[in-house]
Each structure stands twice: as C-alpha cells, then as structure tokens.
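Welcome! Take a look at the structure, then follow the sections one by one.

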Amino acid sequence: MIFGLFRKKNNNQAIVDRQYAALAAAARMPEFYERLNVPDTVMGRFEMLSIAMILFFRRTRASATSGQEIAQEIVDAFFQDIDYSIRELGIGDNSVPKRMKKLAGMFYGRLEAYSKAMDTGDAEALALALQRNIYPETSATADMSGLAGWMMAAESHLSAVAEEVIATGSATLPPVS
C-alpha cells in the first residue's frame, strides 16, 4: 500500500495502450509493403510506425490538453517499443542510448519535413520527403506518391474523428485504397 504512494499514476494507460495498438496495426497493413513501395524491413517498419505516430500527433495538436497529453504518452510508448525492439535485435546495452538518440532525431526530423509539406497540401513535396527518408542510401527512385496520397487522406480522415474518440484511444487510420 505505501509503495503505491511513490508510483507514477497513469490513469491514461489503457487508453494509450489501445491507441498505440491501433496505430501499430495500421502501420503493419500489408498494402504499404506490397503496393506503396515501403520496404518490408526493420527500417521500413520504423518508417511506417513513425508515419502513423506523426499523423496521430498532428491530429491531436488541436485537441484539448488531455488529448495532447495522450498523444505525448503514445509517442513515449512508441519510443519504449523501439527501445525494446533494438534490444531484441541484439544491440548491446551500451549502444542503445546512442541509437535511441539517433532514431529520435530521425523521428522529429520526419515530423518537421512531413508537416511542412502537409501544412501546405503539397503532396509532391511530401512524396519527395518520403523518398529521401525511406530510401536514403539508394540512387534508385521509388514512387512515393501513393504513400503521400494515403497520408493526405489519413490526415483528412483523422481530422473528422471526434474528440471523444481520441479521448478513448479509439481512433483508427483508413485502409489503403
């Protein structure tokens, strides 16, 4: 009983878990990897999970304080999941913080680049940013216009989601059409 006094209380945990699971499931839709030129690799999965987090984070920026808190907790869960995955891949404990810092930088860089294109409704700029991030070390170009179009549609879809749905952790991303 007394130890509970010092434990962090997280009344949002069930909501965060539910919403993170929905976003992670959306990022794993096979259509991204089969039809929209996202490589089915560890980094390809990171890219799609980042995109799902970015879309949700952008949706909640206009939410009430509680929605923004939930969004931050979901991004925190995302990074905890990445930390766990890195360790599962066999990366040594000494290397994990360095890799996490790099991945966090990648995530926030993508948030900035994708937001800039999406704020102006520039699907072509978004496709170029996706190309640059998803295929950073290749001179071959992959058409990212389908993924950019889906992201624009997903943002529109999420903007129509009621605050009550956000507050319960029940928001979903649309399927790939």
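## Helix H5

In this predicted model, the length of H5 agrees with expectation, because its 24 residues should span 34 Å at 1.5 Å a residue and its end C-alpha atoms are 34 Å apart. Just after H5 comes Gly 121, which takes a positive phi of about 70°.

Which residues of H5 are buried? They are Val 96, Met 100, Leu 103, Met 106, Phe 107, Arg 110, Leu 111, Tyr 114, Ser 115, Ala 117 and Met 118. The cover over these buried residues includes H3, H4, H6 and helix H7 (145–159).

Now turn to helix H3, where you will find Ile 54. Ile 54 counts as buried because its relative accessible area is 0%, and the cut-off for buried is under 20%. Leaving aside neighbours within four places in sequence, Ile 54 is in contact with Phe 107, Arg 110, Leu 111 and Tyr 114.

How far apart are Ile 54 and Phe 107 in sequence and in space? They are separated by 53 residues along the chain, while their C-alpha atoms are 8.5 Å apart.

## Arg 59, also in H3

Arg 59 is another residue of helix H3. Is Arg 59 buried or exposed? Its relative accessibility is 11%, so Arg 59 counts as buried.

The side chain of Arg 59 is joined to that of Glu 163 by a polar contact of 2.9 Å. Beyond its neighbours within four places in sequence, Arg 59 is in contact with Leu 158, Ser 159, Val 161, Ala 162, Glu 163 and Ile 166.

## Helix H4

Helix H4 covers residues 65–88, 24 residues in total. From its first C-alpha to its last, H4 reaches 34 Å, close to the 34 Å expected at 1.5 Å a residue. Just after H4, Gly 90 takes a positive phi of about 95°.

The buried residues in H4 include Gly 67, Ile 70, Ala 71, Glu 73 and Ile 74, and also Phe 78, Phe 79, Ile 82 and Ile 86. Among the elements covering the buried residues of H4 are H1, helix H3 (42–60), helix H5 (96–119) and helix H8 (163–168).

Gly 67 has its place in helix H4. With 4% relative accessibility, Gly 67 counts as buried. Gly 67 and Ile 166 are 99 residues apart in sequence, and 6.7 Å apart in space from C-alpha to C-alpha.

Asn 12 sits in the segment before helix H1 (13–27). Which residues does Asn 12 contact, leaving aside its neighbours within four places in sequence? The contacts are with Ile 70 and Glu 73. The side chains of Asn 12 and Glu 73 also make a polar contact, at 3.1 Å.

## The largest pocket

The largest pocket holds about 780 Å³ of space. Elements giving two or more residues to its lining are H1, H3, H4, H5 and helix H6 (123–134). H3 provides the largest share of this lining, with seven residues.

In total, 31 residues line the largest pocket. Val 42, Met 43, Gly 44, Phe 46 and Leu 103 are the ones that lie nearest its centre. Sorted by class, the lining has 17 nonpolar, five polar and nine charged residues.

How values were computed. Residues are numbered from 1 along each chain as its sequence is written. This is a predicted model: local features need pLDDT of at least 70, side-chain atom pairs count only at pLDDT 80 or more; totals for chains, interfaces and linings use all residues. Side-chain values use heavy atoms; hydrogens and water are left out. Helices (H or I, at least four residues) and strands (E, at least two) are DSSP runs, numbered from the N terminus. A polar contact is a pair of N or O atoms within 3.5 Å; within protein, one must be able to donate a hydrogen and the other to accept it, and residues adjacent in sequence count only if both atoms are side-chain atoms. Contact means heavy atoms within 4.5 Å. The expected span of a helix is 1.5 Å times one less than its number of residues. Buried means under 20% relative accessible area, exposed over 50%, partly exposed in between (1.4 Å probe, protein chains only). On a 1 Å grid over the protein atoms alone, a cavity is a set of points where a 1.4 Å probe fits but cannot get out, and a pocket is an open set with protein on both sides within 12 Å along at least five of seven lines; lining residues have an atom within 4 Å of a point. Grid points are joined across faces, edges and corners, and a volume is the space filled by probe spheres set on the points. Ala, Val, Leu, Ile, Met, Phe, Trp, Tyr, Cys and Pro count as nonpolar, Asp, Glu, Lys and Arg as charged, and the others, Gly among them, as polar.
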